[in-house]
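The sequence and structure follow.

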Amino acid sequence: IKGDVKAKAVIVGGIVVGNILAQESVKLLSNSAVLGDVISRKVQVEDKATFHGHCISIKDEEQFLKTSDAYLQSKAIKEKVVLS
């Protein structure tokens, strides 16, 4: 996948070039690769998985929503400045 992924839960068994936002969970299987940020309440990475990016994983739902919203807002502002 080339692009961002947004879902309740995500299991990656291939390659994702983009960010993953999953409110419940993200699981990276051993043959997977993610080049982007992962934001979820639960993140599981199997041996030999490749991950290059930032990770935000907070179990508490309220704190997760606050933190992920702030991070995404910050990232959007930075991208807008770079594109200008």
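What share of the contacts in the chain with a separation of 6 or more comes from residues 24 or more positions apart? Such residues account for 10% of these contacts, a contact being heavy atoms within 4.5 Å.

The model is predicted, so that local features need pLDDT of at least 70 and side-chain atom pairs count only at pLDDT 80 or more, whereas totals for chains, interfaces and linings use all residues. Residues are numbered from 1 along each chain as its sequence is written, and side-chain values use heavy atoms, with hydrogens and water left out.

**Overall fold**

Helices (H or I, at least four residues) and strands (E, at least two) are DSSP runs, numbered from the N terminus. Along the principal axes, the C-alpha atoms fill a box of roughly 35 × 30 × 20 Å.

**Core**

Of the 84 residues, 26% are buried; buried means under 20% relative accessible area and exposed over 50%, with partly exposed in between (1.4 Å probe, protein chains only). A nonpolar core is a set of buried Ala, Val, Leu, Ile, Met, Phe, Trp, Tyr and Cys residues joined through side-chain atoms within 4.5 Å. The largest one has eleven residues, among them Val 5, Ile 20, Leu 28 and Ala 49. Strand S1 (5-12) and strand S3 (20-28) each supply at least two residues of this core, and S3 gives the most, with four. In soluble globular proteins, nonpolar side chains tend to be buried together.

Leaving aside neighbours within four places in sequence, Leu 28 is in contact with residues including Val 12, Val 34, Ala 49 and Phe 51.

Lys 2 and Asp 4 both lie in the segment before S1. Their relative accessible areas are tabulated below.

| Residue | Relative accessible area |
|---|---|
| Lys 2 | 81% |
| Asp 4 | 60% |

Asp 4 touches Gly 18 and Asn 19, not counting residues up to four places away in sequence. Asp 4 and Arg 41 are 37 residues apart in sequence and 17 Å apart in space, C-alpha to C-alpha.
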